[in-house]
Amino acid sequence: MQNLLYFLFRYGYVILFICLEILCFTLIVRFNPHQSQIFVKSSNNVAGWIYDHYSSVTQYFGLSSMSRELAEENALLRRDIIDNQLQSSGAVHLKQDTASDYQYEILPARVINNRITGLDNFFTLNAGSDRGLSVGQGVIDGKGVVGILTDVNEKYARGISILNRDCRISVAIERNHFFGTLFWEGGNPGMAKMGDVPKHADLRIGDKVVTSGFSAVFPAGIHVGEVTGFDLTDGSNFYDIDIRLSTDMASLQYVYVIRNLFSEEQRKLEQ
Amino acid sequence: MNQITRHVWRFLILLLLQVLVFQQLSLAGFGFNYIQIFIYPLFIVLLPIDVGKSWMLVMGFLLGTSVDMFYDSPGLHAAAMVMTSFVRPFLLKGMEPRGGYKMNTSPTPYELGTNWFYRYASILLTIHLFTYFTLEAFQLSSIFVVILKTISSFLASMVMIILYVLIFNPKK
């Protein structure tokens, strides 16, 4: 206590000095427009700098939710891109029903398990029937076709990827619409085969291959890959085409499940 | 005349001189707004040597605030005045003549010599002006303007301070 009093006696004027200067400073920035403008501006610079660095740190924590939101938004945009077919197909709606404007719904999902090393590869998604997924739906990612769902439970879904010998996808050459079947025979996970293309088809190296839209699984025009080579075996009527897949199956993360709202109708008719 | 009354009078005279004469003179439309004549720091300059440090801070603040009232710049002169008052004891200590100060003296030319007084007064005035113009500009980017204003205002103010000291010849 004595020391404190001594300290105050000895250095009280320093404290008084600081208090008075703070008071003056407050008065200056409070009542002088020129100084207060600079004060606000420079304090904003400082605050902006701090917030900038703070958010560059904290945004890492939000990355997963951010990418989920982005995936959802992408799914919406994707629906608008591929679904125009139905609106331009001349269908007349008597009632303005937005639900019937779309043939396909796009549902975002994350790949939680994926194998590419076997002969029959599967992947697992973190969404199930509670999010509207069901067996037979196609799966794509930002670059192209991924696979088809084969098992769906409430929370998860499993599918065969295009790197599976049981996977058959109806595809077509984008340039001239010759269609065929995409399949995989094992080996290089970046390459697949396309069969059933007749020998009179005009093929070139580099032709883009897209989904044909004939099946009820994928809408037409989704990227699959490009032709890197083709070959006509003696006596065969069909080309043997090598295709470089546009999807990198080894680094799959976010995918979109395509739900065809009219798949039942198409299946029933084609039975 | 009582010592306190003397300082109260000086307080009032310097304040009135500053706001009635030199404020108008500084703005007298020379088209060169780098000159401000400040005479009121003389109040702090001439306070007795053994006056309490805290008292000096309070008096500096009061005079600065009074000037601010007329200059419409709340806090600006006061901040510079408080700074000047704060520095003065250190300056006095640094400039202490051999043998120390006599009891109950004021730092006047009469007591401590003309040379000593003007050196002492100019240092305090420079500190005051520099603080004032720094706070007036309020940003580091205009440091050259601040220095220019300090120098030009110092010359003008110093002339007025010399005149004041010659006319009134304060002894205590």
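The legends below describe close-up views of a predicted model. Residues are numbered from 1 along each chain as its sequence is written, with chains lettered from A and ligands numbered from 1 in the order in which they are written. Local features need pLDDT of at least 70 and side-chain atom pairs count only at pLDDT 80 or more, while totals for chains, interfaces and linings use all residues.

**View 1. Overview of chain A.** Chain A has five helices and 12 strands; these are DSSP runs numbered from the N terminus, helices being H or I with at least four residues and strands E with at least two. Of the 271 residues in chain A, 28% are buried (20 or more other C-beta atoms within 10 Å of the residue's own, with C-beta atoms placed from the backbone). Among contacts in chain A with a separation of 6 or more, 56% join residues 24 or more positions apart; a contact requires C-beta atoms, placed from the backbone, within 7 Å.

View 2. Strand 7 (residues 179–183) of chain A pairs with strand 8 (residues 191–198) of chain A in the antiparallel sense over three bridges; pairing requires at least two DSSP bridges between the strands. Opposite Thr181(A) stands Gly195(A) of strand 8. Strand 8 of chain A also pairs with strand 11 (residues 238–245) of chain A, again in the antiparallel sense, over six bridges. Here Ala192(A) has Ile243(A) in strand 11 as its bridge partner.

**View 3. Helices 6 and 7 of chain B.** The axes of helix 6 (residues 114–137) and helix 7 (residues 143–168) of chain B come within 9 Å and cross at roughly 140°. Axes are lines fitted to C-alpha atoms over the stretch in contact, with angles from 0 to 180 degrees between N-to-C directions.

**View 4. Where chain A touches chain B.** In this interface, 15 residues of chain A are in contact with 15 residues of chain B. Helix 1 (2–31) and helix 2 (33–58) of chain A are the elements giving two or more residues to the chain A side. Helix 1 of chain A supplies the largest share, 11 residues. The chain A side divides into 10 nonpolar, four polar and one charged residues.

How values were computed
Buried ≥ 20, exposed ≤ 12 C-beta atoms within 10 Å, placed from the backbone. Contact = placed C-beta atoms within 7 Å. Nonpolar A, V, L, I, M, F, W, Y, C, P; charged D, E, K, R; others polar.
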